[in-house]
Amino acid sequence: MKDKNSLAHTVWNCKYHIVFAPKYRRQIIYGKYKKSIGQIIRDLCERKGVTIHEANACPDHIHMLVSIPPKISVSQFMGYLKGKSSLMIFDRHANLKYRYGNRKFWCRGFYADTVGRNRRQIQEYIRNQLKEDFMDDQLTLFEEYDPFTG
């Protein structure tokens, strides 16, 4: 029962792995705005009663493992999160308005998957996502010279 939450007449355990990206997969969320965007997302989740178990901002997308109460659908929550965070990001960082016209910071759509008994594996995946991306980048780097002929 320690992993369960409750509402007035409901006991629930609804965890989701959610991935979403900025418009055109720009790598804006990883630079100087990472801390600010993270704080905005945490504040908005707290307002809706959503618990963030694990989150990571990769260069061009965000992974989150969250518990969403059953009174809110996943699509309703994501519409709220992406809509309000866009407005808050543009309010805090006015210079981004010119790059992202029409006040749309996030791209359309998101990925959501329910989390059952494999919660630990998904948490580990989110934690190590940056390491895996870095290793993939290292494997695809172009060699300046031919290692066999010099």
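A: Let's begin with a word we'll need: contact means heavy atoms within 4.5 Å. Helices (H or I, at least four residues) and strands (E, at least two) are DSSP runs, numbered from the N terminus. This is a predicted model, where local features need pLDDT of at least 70 and side-chain atom pairs count only at pLDDT 80 or more, while totals for chains, interfaces and linings use all residues. Residues are numbered from 1 along each chain as its sequence is written, and side-chain values use heavy atoms, with hydrogens and water left out.

Our part is helix H1, residues 34-48. Its 15 residues reach 22 Å from the first C-alpha to the last, close to the 21 Å expected at 1.5 Å a residue (the expected span is 1.5 Å times one less than the number of residues).

Now, which residues of H1 are buried? They are Ser 36, Ile 37, Gly 38, Ile 40, Ile 41, Leu 44 and Cys 45. Buried means under 20% relative accessible area, exposed over 50%, and partly exposed in between, using a 1.4 Å probe and protein chains only. As background, an α-helix has 3.6 residues a turn, so residues three or four places apart point the same way.

What covers those buried residues? The cover includes strand E3, strand E4 (51-58), strand E5 (61-67) and helix H2. E3 spans residues 15-20, and Lys 15 belongs to that strand. Lys 15 counts as buried because its relative accessibility is 5%. Its side chain also joins that of Asn 13 in a polar contact of 2.7 Å; such a contact is a pair of N or O atoms within 3.5 Å, and within protein one must be able to donate a hydrogen and the other to accept it, with residues adjacent in sequence counting only if both atoms are side-chain atoms.

After H1 comes Gly 49, with a positive phi near 80 degrees.

Phe 90 and Phe 105 are both buried.
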